[in-house]
Amino acid sequence: GLVQRCCNYLFDKLSKNNQGITAQIIEYQVQVSFIQIYKSDVYDLLDPKAKKLEIKTNFQTNTPFVENLTIISVHSVEDILLNLSIAFGNRKVAKHKLNNESSRSHMLVQLQIEQKTRDGTIKRSKLNFG
């Protein structure tokens, strides 16, 4: 799928830019989280026992975030796919007239990438799949 292809591309580019004497990126970290929006409520798909989560704003960076969301470090596409499988298993589903296992929800996959360059600059990026 799209998530797997994008993650393959991401890790390929990160590892190529992190190799050799002329490498521009000297260190990188990738983190992933999985969110379910179900009937206007937000849930953590890696912590099925967690209650509804709230969307807050970080006023220092003026960016939204989900409070108490599980964010894990991953080192490969396989790590992401393993956790994606867990997240799919934790989705809430409900039966209705047309479908016995309708999720009736939206799942968001969020990757956070941090790169430290040779000159000490730190680059932070987010990639969202919905």
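**View 1. The largest pocket of the predicted model.** On a 1 Å grid over the protein atoms alone, a pocket is an open set of points where a 1.4 Å probe fits, with protein on both sides within 12 Å along at least five of seven lines, and its lining residues have an atom within 4 Å of a point. Grid points are joined across faces, edges and corners, and a volume is the space filled by probe spheres set on the points. The largest pocket has a volume of about 310 Å³. Its lining comprises 15 residues, of which Ile 35, Pro 64, Phe 65, Val 66 and Gln 110 are the closest to the pocket centre. Two or more lining residues come from each of the strands E1 (25-38), E4 (63-66), E8 (105-117) and E9 (122-129), where strands (E, at least two residues) and helices (H or I, at least four) are DSSP runs numbered from the N terminus. By class, 11 of the lining residues are nonpolar, three polar and one charged, with Ala, Val, Leu, Ile, Met, Phe, Trp, Tyr, Cys and Pro counted as nonpolar, Asp, Glu, Lys and Arg as charged, and the others, Gly among them, as polar.

**View 2. The second largest pocket.** This pocket has a volume of about 150 Å³ and is lined by Gln 29, Gln 31, Gln 112, Ile 113, Glu 114, Arg 124, Ser 125 and Lys 126. E1, E8 and E9 each supply at least two residues of the lining, which by class has one nonpolar, four polar and three charged residues.

**View 3. The nonpolar cores.** A nonpolar core is a set of buried Ala, Val, Leu, Ile, Met, Phe, Trp, Tyr and Cys residues joined through side-chain atoms within 4.5 Å, buried meaning under 20% relative accessible area (1.4 Å probe, protein chains only). The largest has 21 residues, and those with the most contacts inside it are Val 30, Phe 34, Met 107, Val 109 and Leu 111. Helix H1 (2-16), E1, helix H2 (77-89) and E8 each give two or more residues to this core, the largest share, five residues, coming from H1. Apart from it lies another core, of five residues, including Val 42, Leu 53, Val 66 and Leu 69.

**Basis of the views.** Residues are numbered from 1 along each chain as its sequence is written, and side-chain values use heavy atoms, with hydrogens and water left out. In this predicted model, local features need pLDDT of at least 70 and side-chain atom pairs count only at pLDDT 80 or more, whereas totals for chains, interfaces and linings use all residues.

Definitions and conventions. Buried < 20%, exposed > 50% of the residue type's maximum accessible area, 1.4 Å probe, protein only.
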